[in-house]
Amino acid sequence: MSTLTQMREIVAMNLRSIPDRLAPSLVIVVGIAGVVAVMVALLSMSAGLSATLGATGRDDQVVVTRGGSNGELSSFLAIGSATLIRQDRAIARGPSGQPLASGELIVITEVPRPGQSTGANVTLRGLGPVGFALRPDFRVMQGRRFRPGVQELMVGAGAAQEFEGLEVGNTLSFRGSTWTIVGHFSSGDAYDSELWTDVGTLQGAWDRSGVSSVLAQVGSPAQIDAMKARLTADPQLDVDVRSQRDFFSGQSSGLNATIGVLAGIVAVIMAIGATFGALNTMYSAVSARTREIGTLRALGFGAAPVVASVMAEALLLSLAGGVLGAVIAYVVFNGYAVSTLGGGFTQVAFQFAVTPPLVLLGVGLALGIGFVGGLAPGIRAARIPVTEALRAN
Amino acid sequence: MKYLGLVLSGLLRRKLRTALTLLSLVAAFTLLGLLQAVNSLFGGAADFLGASRLITQASTSFTQPLPMRLLPQIEGVPGITAVSHSQFFGGQFQEGRGFFPQFAVNPQRLRDTYPEWVMEEDAWRDFVSTQDGAIVGRVLADQYGWDVGDVVPLNSFIWTKADGSRTWEWRIVGIFDGKDAEWSERASLMYLNYGQFDEGRSPGARGLAGVFIVRIDDPNDAARIAAAIDERFDNSSDETKTQSEAEFQLGFIRQLGDIGLIVNLITGAVFFSILFLTGVSMGQAVRERIPELAVLKCLGFTDRKVMWLVLAEAFALCLLGALAGMVMASLVTLVLPPDFPVRTDLQVWVIAGISVVVLTLLVGLPPALTAQRLKIVDALAGRTGESPFERLLRRALARIGLRGEQEAHA
């Protein structure tokens, strides 16, 4: 028989006998499923967060904040500055000639978290008159838009789901006055975690005169650099100008890095544990089959087919574990809605996203563990002297 | 104790398997220790604060500073010892490479509300009288090599000066310690004199105090006093929310939200995986030795003793793995940078201890019971069958058609 035929025969025979070594074989499957499920789940959290914050960023919109501020929350632009920024010539004009730039004020409010006495920080954003027009993905899910000059709020879909008491028709009390929730909106990005109202109303209620940031539509992304140069050179202004995409990815990078490090550490340690488990299983599988292997070698089977058979068993089991783990991660976590602290010290609600690349990564890790776990035992199996192997019991 | 040799020789019978199982256990417990250390950060971080201090914040959010004019009104509430105010400064040292919390406070009021911070009398006096003075905790001073007299430039991302610049210079006038080991460990923050802070910032922001810290005579009175303070500002534009300091700190950590849940889910997955792995390996170890166990019984070991022997073996394995894993986890937390204040404290060790016991019972009891029930005649003849767990598994698989029922009974 050729080596290849030998290999095929011995691998098939070996795989058929897996059910006889069921419990030890399951060690590989379960151990690896655990590793893969945890790693995929953690990375899907990061992927979901990126999807939410990444979707927020458009290349043809700019966010102008006070120079040196690390987010909208710590930024403040006086009325004069905001007006000056709005008049920049890179900013596109609306149908009636007004610049498509929205001076927006954000403040933090606390809304209750289910079952806890301390609230969660949620952004309350005051939008300028063209604020809706600057968000093409904005949709009213329920109720209606807020009216300027009246203390009315719209609630983002993510916030409405994560926090209590944000149903349409409810009221919230801020600073001694009552605000009515008149609608829910969806925009498919980080704004979904916010409460929205009119900027003038918010300024009045919070006793503020300026805004936190100016969001503006530019004619084309290429104009941003020139606009940035103009505004930063203006002695009357002290501002940072970034495309909206850059602004939001800057907000999420810290959190993403933290999750990435966490996922890495957890996956490495768990993978080490699972590798030892796999080695254990494969060594005992080899020792249980010592006589069988000896017989095969005596019949003229080569060393390579023997190694291949052990490797095939390890890889098949780890593949099963990897797929099982990815399925568990998908079933349990895909679309799982959570909220955590975002860049601006307020809550950002997002959903876990178990994406195909993550599943592939998980299965790849599983096969890696299977390879390492099968190699050494396979070589040992091939090296047992035939005479000794035949005497084993 | 006299059976220790027997237990050890049981473990050393298959050195490779024991070593591999042990290493898996070490990996698992390292992870368990680390994750629980993170988790204890979420759970009990504020335990030490007690209830003798309340924090009064704006009801909408603590980020909304309260005006200074509330101070005398709060002081007027009966049962209050001292009131201080504190504003988060948000300064970055060396362009963001060094980050530590700083708060702008009134020095004398700080001293009255936080008697836990200990510093020489002279330093306190200097802090009161130096407009641009700052005091730093011992931990922080050691970290950056600061001494009294040094000037620390901080770049605030929140507060600009009236002239538009963001760089504030603070002169260190004192280094404070905690009154005990626990407080000393937490002395890694900086207090700034409110004087320069308020005078320096833009006129529109002047007169804002931040949050108020209220020290009360009797912790049992906390709920009444908190309600009394909040009542004073009801329906004003500066509505307040007063809660215990512990609750306030917890609120910060809870902002991280569902991360704690995720950590616990991972711990569960890890625990389940090691449970399975160790369980199978223990089962195998006992099955292989069944004739030997029968010999022990022949020699006069009671059924019960044999059971304990097997259980002790499982315990020894789990304990060794857990100890090594926890030591690893502790070493890892020690080398972590100071912005990850994760420690394997007592609570984490207790959780690890409980895990060892639970794990021992779950993985050790089934083979131990098998060993106890062994009939000498059968065992010596090698008629042993499989473990109850394996039988169960095989039946389950047979039911879903993976393997014939006859074979399952074979």
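A nonpolar surface patch of about 740 Å² is built from A:Leu319, A:Val323, A:Leu324, A:Val327, A:Ile328, A:Tyr330, A:Val331, A:Val332 and A:Leu367. This is a predicted model, where local features need pLDDT of at least 70, side-chain atom pairs count only at pLDDT 80 or more, and totals for chains, interfaces and linings use all residues; side-chain values use heavy atoms, with hydrogens and water left out. Residues are numbered from 1 along each chain as its sequence is written, while chains are lettered from A and ligands numbered from 1 in the order in which they are written.

**The nonpolar patch**

- Patches, for the record, are made of residues with over 30% relative accessible area and no salt bridge, with like charges joined within 9 Å and nonpolar side chains (Val, Leu, Ile, Met, Phe, Trp, Tyr) within 5 Å.
- Accessible areas here come from the Shrake-Rupley method with a 1.4 Å probe, and for residues only the protein chains shown count as cover.
- The top contributor is helix α9 (residues 303-333) of chain A, which gives eight residues; helices (H or I, at least four residues) and strands (E, at least two) are DSSP runs, numbered from the N terminus.
- A:Leu367 sits in helix α10 (residues 356-383) of chain A, and its relative accessible area of 32% makes it partly exposed.
- The cut-offs behind that wording: buried is under 20% relative accessible area, exposed is over 50%, and partly exposed is in between (1.4 Å probe, protein chains only).

**Chain B in numbers**

- Chain B has 17 helices and 13 strands.
- It runs to 410 residues, and 49% of them count as buried.
- Its accessible surface is about 18,900 Å², with 59% of that belonging to carbon and sulfur atoms.
- Take the contacts (heavy atoms within 4.5 Å) in chain B between residues at least 6 apart in sequence: 79% of them join residues at least 24 apart.

**Nonpolar cores**

- A nonpolar core is a set of buried Ala, Val, Leu, Ile, Met, Phe, Trp, Tyr and Cys residues joined through side-chain atoms within 4.5 Å.
- The largest one has 74 residues, and A:Val266, B:Phe29, B:Ile266 and B:Leu359 touch the most other members.
- Helix α2 (residues 22-56) of chain A gives the most to this core, with 12 residues.
- Leaving aside neighbours within four places in sequence, B:Ile266 is in contact with A:Val38, A:Leu42, A:Val266 and B:Leu35.
- There's also a second, separate core of 40 residues, and its members include B:Val83, B:Phe93, B:Phe100 and B:Phe212.

**A covered helix in chain A**

- Six of the eight residues of helix α5 (residues 199-206) of chain A are buried, so the helix is mostly covered.
- Those buried residues are A:Val199, A:Thr201, A:Leu202, A:Gln203, A:Ala205 and A:Trp206.
- Their cover includes β2 (101-111), β3 (120-127), β6 (171-174), β7 (177-186) and β8 (195-198) of chain A.

**Salt bridges**

- Over all chains the structure holds 28 salt bridges, each one a side-chain nitrogen of Lys or Arg within 4 Å of a carboxyl oxygen of Asp or Glu.
- A:Glu152 pairs with A:Arg144, and the closest N and O atoms are 2.9 Å apart; A:Glu152 is buried at 5% relative accessible area, whereas A:Arg144 is partly exposed at 35%.
- A:Arg289 pairs with A:Glu292, with the closest N and O atoms 3.3 Å apart; A:Arg289 is buried at 4% and A:Glu292 partly exposed at 28%.
- B:Glu292 pairs with B:Arg13, the closest N and O atoms being 2.8 Å apart.
- That last pair links distant parts of the chain, 279 residues apart: B:Glu292 is in helix α12 (residues 290-298) of chain B, and B:Arg13 is in the loop between α1 (4-12) and α2 (15-43) of chain B.
- A:Glu72, A:Glu104, A:Arg125, A:Arg135 and A:Glu194 are linked in a network of salt bridges.

**Cysteines and a buried serine**

- There are zero disulfides over all chains, a disulfide being a pair of cysteine sulfur atoms within 2.5 Å.
- B:Cys298 is partly exposed at 48% relative accessible area, while B:Cys318 is buried at 0%.
- B:Ser330 lies in helix α13 (residues 303-335) of chain B and counts as buried at 17% relative accessibility.
- Not counting residues up to four places away in sequence, B:Ser330 touches B:Thr344 and B:Trp349.
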